[in-house]
Amino acid sequence: MNCSIFDIIGPRMIGPSSSHTAGAVRIGQIANKLVNGRVKRAKITLFGSFSETGRGHGTDMAIVAGVLGMDPDEGGIRYSKLTAHQQGIDVSIDFSKEEAAHPNTASVYVQGDDGQEYTYIGTSIGGGRIEITSINDMDVGFTCEYPTLIVFHKDRPGIITRVTAALAERKINIAFMKVFRSQKSQGACMVIETDSNISEEVLKAIENDVDGITEVCSI
Amino acid sequence: MNMIFSTGAELFDICKENNITISEAAVRYELEIGERTRGEIYSEMRLNLKTMKDSIKQGISSKHVSVSGLVSDDANTLLEFAPESVMGENLTKIVASAMAVTEVNATMGRIVAAPTAGASGILPGVLIEYAHQRRLDDEMLLKALFNASAIGVIIAKNASIAGASGGCQAETGSASAMTASALVEMRGGTVAQSLDAAAMTLKNVMGLVCDPVAGLVECPCIKRNALGAVNAVLCSDMALSGIKSIIPFDEVVISMRNVGRMMHPDLRETAKGGLAATPTGLKIAEQMAKEKYDLAKNSKRD
């Protein structure tokens, strides 16, 4: 694989650790994006090395900073808990003794101010890069390096075609796409990574026009 | 012309055939594999350079304590000792700059991973302080950073730049090798001398383990960044003086990878071996786990 020279010199970030700090901010950011920046409450649980060495690495502050919408190079990361408190956002952090499949794992529950709720599991896989392995109890796998559309739907024929057609009509190119399901004919989830941003209007159109969809969100 | 290189030998051939420096080869490599224009590549590196300069300034000018309390102001302590040092003022200032950035990293300040956060002091500390001492401009520094990135790309492709997979030799070792090569180009050396300098740097720390006390990027990481700075300066001097690496760069990189694979997992960033497993190291880890870092303590502004 040809890595970029900016994977070698970069990212610009708040220390001390690309996996335990910068990656942790990115995991937190997913919560912010899921509720369009309107976070009311977040519950964060750290596992494995995140839990064991998280305090010294500022992993807890980093995830909270991400939940508030901060980037990995923002100086305010260190004061994120205070900022959350000042903004009236209810944040709690639990350092779990349970092991997770990956050493650097966090589970995040987020509630938006309109009552929307999501729970996801994120892992920090090195160099500040992350992977989301579960969302609302659905096992998934995506890296959040592209604008990502997540569609929860019924597991039946025709739905994928209609969603991808809706994107094609709006000239949104699909870079990667994966489909997951819990059980045959039960709930399913498609994760579509695109080359351009997906607007609220597109999300609404997909949710309203395509039959069999339970929920649509974007990251 | 294909500008994509994966080994030192390929990089050497590209430079020779096109009559270009390693730094220019790195820019052309990025143009070929990425989506940025030449102007955008330079802008991005300029942002990295600015952040690096700021991190040195911050580390030298402010008193700082890490979240764990293990790290304080060793860069300045060394700097004050500079007039009495055997290293001499110039090298002492270079080492202090490298330590300053790593201290900023440990205290949750802003740095540029180069190639990682744990090894982030060596490259800026050496290059920026050297440029300052010799009154070299930013264009020269940018070229040096591009040169360093080419060496890092080759190491990442063939071995690893992460302590978790290759130990400290892969992390501060890679940072030093990148720095040594960049310093050679800055000082007017040849492509072959850059590769020799990078090879000798890696050879000098072959087998160095990653054994962070309490799992934190503090002890011994900051002092290893200090060592890495000296190693880079030493090897650039050796290469420019005409000393050659007996083992070629590509073979050193592969052997560094193999040594990393032989390394016990306890010695690869898991904080279960080496200094982390000493009685003192374990005691610090135990205190860290017990201590409750409350909102007030973590949020206090300096």
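Colleague: Which strands form the hairpin in chain A, and how many residues sit between them?
Modeller: E9(A) and E10(A) form the hairpin, with five residues between them. Bear in mind that this is a predicted model.

Colleague: What is the phi of A:Ser185 in that turn?
Modeller: A:Ser185 has a positive phi, about 65°.

Colleague: How many bridges join E9 and E10 of chain A, and in what sense do the strands run?
Modeller: Seven bridges join them, and the strands run antiparallel. E9 of chain A covers residues 174-181, and E10 of chain A covers residues 187-194.

Colleague: What is the bridge partner of A:Arg181 in E10(A)?
Modeller: A:Arg181 has A:Ala188 as its bridge partner there.

Colleague: Staying in chain A, where is A:Asn136?
Modeller: A:Asn136 is in the loop between strand E6 (129-135) and strand E7 (138-142) of chain A. Its phi is positive, about 45°, although A:Asn136 is not a glycine.

Colleague: Switching to chain B. How many helices and strands does chain B have?
Modeller: Chain B has 14 helices and one strand. Its radius of gyration is 19 Å, close to the 19 Å from the globule rule for 302 residues, so chain B is as compact as a globular protein of that length.

Colleague: What does the C-alpha trace of chain B span along its principal axes?
Modeller: The trace spans about 60 × 45 × 45 Å.

Colleague: How many salt bridges are counted between chain B and chain A?
Modeller: The count is one salt bridge. The side chains of B:Glu44 and A:Arg12 meet in a salt bridge, at 3.2 Å from N to O.

Colleague: In what sense do E1 of chain A and E1(B) pair?
Modeller: Strand E1 of chain A, residues 12-14, pairs with E1(B) in the antiparallel sense, over three bridges. A:Met13 stands opposite B:Ile111 in E1(B).

Colleague: How many salt bridges turn up over all chains?
Modeller: A search of the whole structure finds 17 salt bridges. B:Glu24 and B:Arg28 also meet through their side chains in a salt bridge, at 2.7 Å from N to O.

Colleague: How many residues apart are B:Glu24 and B:Arg28 in helix H2 of chain B?
Modeller: They are four residues apart in that helix, so about one helical turn separates B:Glu24 and B:Arg28.

Colleague: Last topic. Is the peptide bond from B:Ala114 to B:Pro115 cis or trans?
Modeller: That bond is cis, with omega near -5°. B:Pro115 has its place in the loop between E1 and helix H6 (122-134) of chain B.

Colleague: And the bond from B:Cys219 to B:Pro220, cis or trans?
Modeller: The bond from B:Cys219 to B:Pro220 is cis, with omega near 10°. B:Pro220 is in the loop between helix H10 (191-204) and helix H11 (221-241) of chain B.

Definitions and conventions: Residues are numbered from 1 along each chain as its sequence is written. Chains are lettered from A and ligands numbered from 1 in the order in which they are written. This is a predicted model: local features need pLDDT of at least 70, side-chain atom pairs count only at pLDDT 80 or more; totals for chains, interfaces and linings use all residues. Side-chain values use heavy atoms; hydrogens and water are left out. A salt bridge is a side-chain nitrogen of Lys or Arg within 4 Å of a carboxyl oxygen of Asp or Glu. Two strands pair if DSSP finds at least two bridges between them. Helices (H or I, at least four residues) and strands (E, at least two) are DSSP runs, numbered from the N terminus. The radius of gyration is taken over C-alpha atoms; the globule rule is 2.2 Å times the number of residues to the power 0.38.
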